[in-house]
Every structure is written in C-alpha cells, then in structure tokens.
Amino acid sequence: MHWEYLIASTVTSLAFIIGGVLWKVYPPKKINYLYGYRTRRSMSNQQIWNYANTIGAKMFLYLGISLFVLSFLAYILIPEKSPMIALFAMLVGVGIGMYWCETQLDKRFDKNGNPKETP
C-alpha cells in the first residue's frame, strides 16, 4: 500500500484535532494577534473574544474529525488522489467553519458588539 498517501491525507486533520483540543484546554485569555479566533469582529471586545474562541475551538475540533474521516475514506477509495481531496476539503471546511463562527457571533451580538437580548 502507499503509506505516504495515507500520511499526506491525514496529517492536516490530525493537526486540526490536536490544535482544537489544545485550544479548548488552553483558550487565549486576552485579545492578541498571535493565538485564537482572530477576526475584526472577534477582537472588538473581550466578551466577543471569549465567546468566539469557545466556538472556534469546537469548530477546529469538528473540522479535524470530519477531515480525518473524509481523508481516510478518500485514501481507501482513491489513494493517489486522497491528498488533493483532503486539501480541497480542508479549504472548503475552513471557509464553512469561519462562516459558522461568524453566524454564531451574529446571533449573539449586535453590530456594536453588545449582547443581543433574548426574548
């Protein structure tokens, strides 16, 4: 078998899983430009920062698990193409994950960064 295809296909997903676990266990405490879910909106105040990094860690973990399953299936079905399938899935997954995080921020905070009142 072509072990290099398996490694190339799954190494990124394993990095996402490890990163998600570390992010969840050691979330960034203060707004910074080095570590955490960093968008203009998430860095606008500490309350949004804390919430964004809570859901960002979940997104990283779920994305890593999904990518691992998809990459492993791609390796079983089409070993030679599995690294490219994994790369494409990662790019799409990151885009979807960021959209999901921003949607969650929209539901919870207004445009000024204040929490929305729940009915």
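I'll go through the aromatic rings, then charges, then a loop residue, then the pocket.

One caution before we start. This is a predicted model. Keep that in mind throughout.

Rings to begin with. How many aromatic pairs does the structure hold? Four. Take Tyr51 and Phe109. Their ring centres are 6.0 Å apart, and their planes meet at 65 degrees. Edge-to-face needs an angle over 60, so this pair is edge-to-face. Now look at where the two partners sit. Tyr51 is in helix α2, while Phe109 is in the segment after α3, which spans 82-108. They are 58 residues apart in sequence, so the pair ties together separate parts of the chain. Are these two buried or exposed? Both Tyr51 and Phe109 are buried.

Next pair: Phe68 and Phe72. This one is stacked, with 10 degrees between the planes and 6.3 Å from centre to centre. Here the partners are local. Phe68 and Phe72 are four residues apart in helix α2, so about one helical turn separates them. Phe68 is at 32% relative accessibility, so it counts as partly exposed. Phe72 comes in at 36%, and it is also partly exposed.

Ring pairs link Phe16, Trp23 and Phe60.

On to charges. Side chains of opposite charge can pair when their charged atoms come close. How many salt bridges does a search of the whole structure find? One. The partners are Asp106 and Arg41, and their closest N and O atoms are 2.0 Å apart. Asp106 belongs to helix α3, and Arg41 to the loop between α1 and α2. That is 65 residues apart in sequence, so this bridge ties together separate parts as well. How do the two ends compare for exposure? Asp106 is partly exposed, at 33% relative accessibility. Arg41 has a relative accessible area of 19%. The cut-off for buried is under 20%, so Arg41 counts as buried.

Thr39 has 16% relative accessibility, so it is buried. What does Thr39 touch, leaving out residues up to four places away in sequence? Met98 and Glu102.

Now the largest pocket. It holds about 220 Å³ of space. Which elements give two or more residues to its lining? Those are α2 and α3. The lining includes Met59, Tyr62, Leu63, Ser66, Leu67 and Leu70. Also in the lining are Ala89, Val92, Gly93, Ile96, Gly97 and Trp100.

One more residue in α2: Leu73. Its relative accessible area is 46%, so Leu73 is partly exposed. Leu73 and Gly20 are 53 residues apart along the chain, and 22 Å separates their C-alpha atoms.

Quick recap. Tyr51 and Phe109 tie α2 to the segment after α3. Asp106 and Arg41 tie α3 to the loop between α1 and α2. The largest pocket is lined from α2 and α3. That's the tour. Questions, please.

Conventions. Residues are numbered from 1 along each chain as its sequence is written. This is a predicted model: local features need pLDDT of at least 70, side-chain atom pairs count only at pLDDT 80 or more; totals for chains, interfaces and linings use all residues. Side-chain values use heavy atoms; hydrogens and water are left out. Buried means under 20% relative accessible area, exposed over 50%, partly exposed in between (1.4 Å probe, protein chains only). Contact means heavy atoms within 4.5 Å. Rings of Phe, Tyr and Trp (its six-membered ring) pair if their centres lie within 6.5 Å; planes under 30 degrees apart count as stacked, over 60 as edge-to-face and the rest as tilted. A salt bridge is a side-chain nitrogen of Lys or Arg within 4 Å of a carboxyl oxygen of Asp or Glu. On a 1 Å grid over the protein atoms alone, a cavity is a set of points where a 1.4 Å probe fits but cannot get out, and a pocket is an open set with protein on both sides within 12 Å along at least five of seven lines; lining residues have an atom within 4 Å of a point. Grid points are joined across faces, edges and corners, and a volume is the space filled by probe spheres set on the points.
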